[in-house]
Amino acid sequence: MQSSESAREEAALYGYLIEFDKVDELLAAAAKVRDAGFTRWDAHTPFVIHGLDAAMGVKKTVLPYIVFLAGLTGAAAGILLQWFTNAFDYPFLISGKPLFSLPANIPVAFETTILFAAISALVGMFALNGLPQLFHPLFRNRSFKRATDDRFFISIEAADPLFDATTTRRLLESISDQPVEKIEEGE
Amino acid sequence: MNEDKSNDIFIFPKWTWVLRPAIAIGGLGGLLYATVVVAFGFSPLTTDVGYAPVQPVPYSHAIHVGQLGMDCRYCHNTVEHTASASIPPTQTCMNCHKTVRVASEKLIPVFESYSTGMPVEWVRVHDLPDYVYFNHSAHVARGVGCVSCHGRIDTMEVVTQKEPLSMGWCLDCHRNPERHLRPLEFVTQLDWVPAEDQLALGQRLRETNNINPPTDCNTCHR
Amino acid sequence: MNRESGPRYWRSLDELARTPEFQEAVQREFPDDEWDRLPPATRRQFLKVMGASMAFAGLTACRWPAEKIVPFAHRPDGRTPGVPERFATSMELGGAALGMVVTSYDGRPIKAEGNSLHPDSLGALTAIAQADILQLYDPERSRRLLYRESGQEFVKSWEDFTIFVGERCAHDGEGISVLAEASSSPAVSRLRDRFLAARPQARWYEYEPISRDNEREGTRLAFGKALRVHPHLEGARVVACLDADPLFDHPATLRLARETAGARSPESETRSRLYVGESTYSLTGARADHRLAVASGRVPSLLAQVAHLLAAAHSIELPDAAAGFAGIAGSPGDEREARFVEMLAADLAAHHGSGVILVGPRQAPAVHALAAVLNQALGNAGTTVTYTADPEPERPSHMAAITELAARIRADEVQNLVILGGNPVYNAPADLRFGELLEKVRYSFHLSLYEDETSKLSTWHLPAAHGLEAWGDGRAWDGTYTLRQPLIEPLYGGRTAIEVLALVLGEAPFSGHEIVRAVMRESAPAVDFEEFWRRALRDGVVQGSAWDAVEPIPDPSGLTVALDGMRILLEAGSPPNAQRPELVLVVDARVHDGRFANNGWLQELPDAITKITWDNALLVSPSTAREMGIADGEIVEVEANGASVELPACVVPGQARFSLTVALGYGRTAAGQVGNGVGADLYRMRTTGAPHQLSQPKVRPTGRRYRLAVTQDHFAIDTIGFNARNLRVADLVREATLDAYLADPEIIHHHDHHPPLISLWKDQVFEGEQWGMSIDLSSCIGCNACIVACQAENNIPVVGREQVLNQREMHWIRLDRYFKTDPSLAPDEVEDAEVVFQPMTCVQCENAPCEQVCPVAATQHTTDGLNAMVYNRCIGTRYCSNNCPFKVRRFNFFNYHKDLKDTTQMQFNPEVTVRSRGVMEKCTFCVQRIQAVRIAASNDNRPIADGEITPACAQTCPSQAIRFGNLNDPSSEVSRLREDPRSYATLAELNIRPRLHYLARLKNPAEGAPTSFGEGDAHGKESV
Amino acid sequence: MSTTTIDGMSYLDNTGDDPRERARLIVGDNDFASITNTVCGVVERPKPPKIWWVIFAISSSLTLVLLAMIAYLVTNGIGVWGLQIPVGWGYAIVNFVFWVGIGHAGTLISAILFLLRQRWRTSINRFAEGMTIFAVICAGVFPGIHVGRIWFAYWLAPIPNQMSMWPNFRSPLLWDVFAVGTYATVSLLFWYMGMIPDLATLRDRAKTKVRWFFYGVLSLGWRSSNRHWHRFEMAYLLLAALATPLVLSVHSVVSFDFAVSIMPGWHTTIFPPYFVAGAIFSGFAMVVTLVIPTRKIFGLEEIITLRHLENMAKIMLATAMMVGLAYSTEFFMAWYSGNQYEAFTFMNRAFGPYAWAYWTMVTCNVLVPQLFWFKKLRTNIVALWIASVLINVGMWFERFVIVVSSLSRDYLPTSWGYYRPSIVDILTFLGSFGLFFTLFLLFVRFLPIVGMAEVKGVMPQAHLDRPGHRGHGDYHGDIAGTEVVS
């Protein structure tokens, strides 16, 4: 362990990674890191843990607003499409019905609303999360694989303004007795 | 499980980060490309306009109409009264060519046809789908000039399709005919240009001859 | 179609046209007739091309294979390419010529319509006469002369035949016989006379399986000489039809239909009342105010009872010679019969001089004689019925003729037999065994359109020219001189009877044209003949050439014979029963005597009453069927006169008890691919003795089932459906009695029990011409003429029996037939029922349900109020058809034109798109005719006159039941009819605003007659 | 909660309804790792069990039959089916509605039960969503091939063209195109998104480069970051909120195809709710039909427990009552409206030529589910399976009755008819099942059929060890916060 560390002394540091095997340990730890004022850090859990957002002080995402706008766009597009095609560009007489009447246009408008909103929800989520991102330094760590299985992690990035190789390590060690692992940047 | 035997751990290279922008750009770009291809590649403007097949006899409208100033109706004599303008019988050609250019090699098929009675097989240039019922008389008798659909035939050595002849194109004129209306006496005069503004003239002709072209389906499809 | 005979089509255009190229050339002349643009050989490619062109037209107008335009080298004078021409000509059937006007497109006759100048047509045409044009193009028509010698066949030329015949017949005519079809042609009779004069030993016989000889012989009995009977119905207040069907099987049926329609309309003073006594439903019976289903064998007794009552109860004076008739009345079969006879006799007596008694051709001469006598006694002769001298008074009856011929052949007195048309091997009386006899004849020459049963047994077969291919003449039933001119050169080099006769006779002129002119010149007045001839050609008839009526005088000697005849008939005429049912052989409305068996249009034409297509069946009434243990659609074995036939039973009300009916003309073996093996051949049990009614048939149900291809539901269905049907008829087909209607013109609207029809939307305003149609159910006689007219006009495919079984028939207009039965009876207890017809086609709803459901807007409303169906936009979801309350839309489930022979394609109407596979189609109100007139009108800037546009169905309707016109023009006929109190729309409660309205059907029953079924009780019922 | 006994099976029974204790959703002594192992085990096992091969062989050959039938249809025309006038729609549309109906369970379970906080959904939603996708694919086949000129089907889409023609937006059929299209898309998004964390799990467990690459690409580099989880949850919630009205709208729109027409038996205002209920009904029936053998074969009894099955049985019972109500309402309306055509149509359904179809439908859809009143039968796996199969049969017949019997006898008695399917109809129908099962088997083989991340989320271990909170998932962040501050 030590030797390997010294070996990679000069390699660029991504940050520290620390492992937990209990939900409540994680929560407590997250709260501590949050209170220490770190901003560029994260928790990694195999499933959603209620309360972790609060414990980490994650701000509420803007996704809902994006989706709402997309929905409105969809509705407008739906109505416009039907008005343009059937009432404006090529009006034809059908069953003695008016060229444009909302009732007949509701179903399609509704579907387009949903379609736009739904797609924006997924695409928006990916965009905000910066996915797809097939490579990430954390993947270098063998034990990190269990982040998708049954273990919980906290990682603090070296890029964090408050980050300091020694103090941060000490902070982490004070939180848990698990070994703190260094993660290098990939090239 | 974390003490698995395979000590090499699979990991994607860093360059895979280009994926994100790649997907975004590729997606939008591809969409744009497809639209352009369909819009222009498949349009009759691309596929039909400019069609100028080789005819059995190199008959030049430029000479006959342009230089000699023959009227369209001399040959296409049913155009005012019937649906089809009808290609003239060999007779018609021979009216003049009995005496004119009797030695011309180009005219051999005509002479043969005249003597044998076997027709000359012209290649159709302006060819509408089989389910479209176009009526020449209905247009000519209402003041739509030949030129509106056939272009300046009088300048063509080889007859060429000038207009897309697509349904949308037909509808354009049926919806606002004034752009193409002219006094009846000028219908066959291909180089005629209105003294006044075409729209004003068209508007007036439209009212005087109460021209309101139908856009019902069964106007053309039966 | 084999190539070598290809070139022959277009000979008429130009002598130089013997080459396929020219053929294609002419066919390609016009861009608008898509199916015609490609040479015949590439017909199939055309469909691909059309499909492809449609496909690409969707997104692009990609260029399909380059097309050639091939103009005439020398355009014939007066021919404007692409403009249809119309020629007056005629068609002869069963010894009467029917005038018609044929539309020809670039040298191809495509449609036959009636000739309004012809007394028997008056502008209308029967289904058969219209369908005859398909026969012209039938690729299976005979196209070669055949000579058979010791089992071998040799293809010969007309020249060979001429020489051969010359050698054979170049003597006094010893051993020569001619067997001809019935003909009214002056040319034929002139040539016949010359033939018999030149060859005194030769014999001439005339045979026609279906004829009015009994009527003719009847007049011979009554008046001592053969007369021709002409009913006149426009003024007839009481019409009594005993086994008679003037609306269908009379040569002047079109005129009679027109007259009845007039006489029955509420506007007319006549208020005609129709009594019908018959064994099976006829068109006339369907029309009747009082109908008695009575066994055919009972009809003589029926008439005798009438005679008796007239003399006894109503003191009508019978001529002394006929007084005996009053005494022979048998007892009525049952009280229905008695009641019918009483009412009829009373009515006839009450309308002296304005009634008429008509007896059908299936009844014996004696019955006709009695009818003639009664008409005299009632003062009807000269008013409602007139007589003219028979053109061939000396001619023996057809039965007698063929019998004598058979006898002579059997006696080896015939070495050469010339058969001019007809198909005796198939349809001569079975007991003569004509087929075997023909073998005994050394040389037999058979002239016919097809290589049929007779041709196969003759030594020579000669291809006949079709009526539209040849010159000819004839006489209308009333004697009016009628011309026939060719519209196209013989496609297969056939010749006509007169041309062949000329050859046999060896006397010029040999061309039909010359012969006809020569004959006409004789009969023509001495004035300028060319002028006379031209007018005759233009009109198709020589006006005022009808025969003069004669005043008949009763002939005592004949009447005594008739009286004895009646006595015998009355003894035989006890009502049939389960043990000894009665089998009646009737003429078929579609294949006639069998000669039209290979005509797809007619084979697929639904029978007016049973709605059967592609078959004939044993008709039996429900109750009789139950008592005889016969199920609907069960195969039954019928045995009579030593022959036994298996055919399916069809249970249909209106049949007399234990009276079974089968149509003749089916079961052909050499008709062609279309007609072979369709139905069962009943000629096999038809004998000289009993040509019409077989008294002792053995009927055995086999238990095997057979699916009859009917275009409507069977009569016998589950009880729920049965009751619903009974309940709905009164709403769908409105009816009232004439008296009730005159008392309260609004009576037919008492059915409307629906809430006010308010639309969610602002109602559409329709300006300019607004097309509408009106169909008078009082006039419609259910003759099917409109269906064939529509089929011919609109290129409607024949789909075949299998597809009809799948309910995929394509007729744009159909004739809905409803039975009105006593609602208290179960389906299998029904004996009798009333029949009503309702022509049903696209009613062009203003709020059309079909339009809104089409996802691609392939069916839209036009500004002139039509419900347009755009084939080239249709993707075939069939949603429109599902949502059509009338189910009048038709779908191309397959490519029905795929296997059409190129000759058949020549009949197509270039003005109408040929529909490809997978698209919906329906009635368009003949939009091509509307557009033609509209363009013409707008070209010379004038409004469209009323009546200028006539759809095919309206044009051909004999009773003028169908009217078409502009609803926005208050002066138009159709607007006037829309105001008529009888006018109503079916399913109006759906607020679909049909453009087709019906005029309610009026009946005119006698005072105190029982009200018809379904009438009174349907009233209170909810109709919404 | 039912006590664990020595008896091998009964420990699996978690169907007790003790109000004081929330029933366990996962039985047996499972921890996170064991869940991962069990679920991933299904995919990771070197080769599938024999039975998988057997069914796969059958279904894939049926799929070939489907393709053959479509080829035959396209080359010859719609005439190869039993269709006619008046019955212009037959098997094709019946199958379409049937499959779309099946396709409702998935989104319903994922979306609606999610919003309703039905935590038991977690074990089955992935499974059901998968089934939804495949059912919708099968459904999509039929409207496509049932048109007369398939090569023009693209005219349904509003694409600018030289005809300057547009589709007719007044037609319910066009609404259908949009509704089903949207539904397919959204279900797919929903399904895939939910699967990403589990794909990551498979990636991280991958032993071979191929597997790692395959799942690596599919999981898009998911690193189970909580900041991602946060947005993931939000997106999931939003999709659920969007899918809920969507799922209700789809079958409503499908029902418009009929309700908007004027055919008696079609023109009915109760169709939308009636169709939706029927769809949920058939959807759950199909889930049960599939899940019972699957959990057995792949030993998922501890995760997809008896309680899940019982809950679904209850839902089926409820929806069965709804469709039953709809059936009777139709009859009532027919009688009450006094409209002779309407009245006849329903008499005709029950006693006319198609009575056999009608009574099959009533028996399977209304009578059979009544068994679920009894807990014994609800929790009896065999009975449950048989019942669910019968319900599928019944629901197919419901669509058959609606489409065919109504059309066969409409206004004019003269145009009445009787529809018989052709052999092509039947083979095409069977073929669609082939396609469905082929896709399903591939899904089972290569993708996580249980949402591990979600299941773990509802396990007791996922929550703070504090009295009163066992099993309750709603742990509030502020608690953590206060705890820290104190």
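What follows is a quick chat about confidence, overall build and the interface.

Q: What kind of model is this?
A: It's a predicted model. The predictor gives the complex an ipTM of 0.90 and a pTM of 0.90.

Q: And what's the mean pLDDT of chain C?
A: It's 87, with 92% of the residues of chain C at 70 or more.

Q: Which elements of chain C have the lowest and highest mean pLDDT?
A: Helix H2 of chain C, residues 34–37, has the lowest, at 35. The highest is strand S31 of chain C, residues 771–776, at 96.

Q: Where in chain C is the pLDDT below 50?
A: Residues 1–62 of chain C are one such stretch. In the model that stretch still has 162 contacts beyond near neighbours in sequence. Residues 1012–1024 of chain C also stay under 50, and there the model has 40 contacts beyond four places in sequence. Where pLDDT is low, the predicted coordinates should not be read in detail.

Q: OK, overall build. How many helices and strands does chain C have?
A: Chain C has 33 helices and 41 strands.

Q: Why call chain C as compact as a globular protein of that length?
A: Because its radius of gyration is 29 Å, close to the 31 Å that the globule rule gives for 1024 residues. Along the principal axes, the C-alpha atoms of chain C fill a box of roughly 80 × 75 × 65 Å.

Q: Switching to the interface: how many residues of chain D and chain C are in contact?
A: On chain D 68 residues, in contact with 69 residues of chain C. About 5500 Å² is buried between the two chains, and carbon and sulfur atoms give 57% of that.

Q: How many salt bridges across the interface of chain D and chain C?
A: The rule finds two. C:Asp718 forms a salt bridge with D:Arg409, with the closest N and O atoms 2.6 Å apart. There are also 34 residue pairs in polar contact across the interface of chain D and chain C.

Q: Which elements of chain D give two or more residues to the side that touches chain C?
A: Helices H2 (50–76), H6 (172–205), H8 (226–259) and H11 (340–351) of chain D. H11(D) gives the most, with five residues.

Q: And by class, what's on that side of chain D?
A: The side of chain D that touches chain C has 41 nonpolar, 21 polar and six charged residues.

Technical notes. Residues are numbered from 1 along each chain as its sequence is written. Chains are lettered from A and ligands numbered from 1 in the order in which they are written. This is a predicted model: local features need pLDDT of at least 70, side-chain atom pairs count only at pLDDT 80 or more; totals for chains, interfaces and linings use all residues. Side-chain values use heavy atoms; hydrogens and water are left out. pLDDT is the predictor's confidence in each residue, from 0 to 100. Helices (H or I, at least four residues) and strands (E, at least two) are DSSP runs, numbered from the N terminus. Contact means heavy atoms within 4.5 Å. Buried area is the accessible area (1.4 Å probe) that two parts lose on being put together, summed over both. A salt bridge is a side-chain nitrogen of Lys or Arg within 4 Å of a carboxyl oxygen of Asp or Glu. A polar contact is a pair of N or O atoms within 3.5 Å; within protein, one must be able to donate a hydrogen and the other to accept it, and residues adjacent in sequence count only if both atoms are side-chain atoms. Ala, Val, Leu, Ile, Met, Phe, Trp, Tyr, Cys and Pro count as nonpolar, Asp, Glu, Lys and Arg as charged, and the others, Gly among them, as polar. The radius of gyration is taken over C-alpha atoms; the globule rule is 2.2 Å times the number of residues to the power 0.38.
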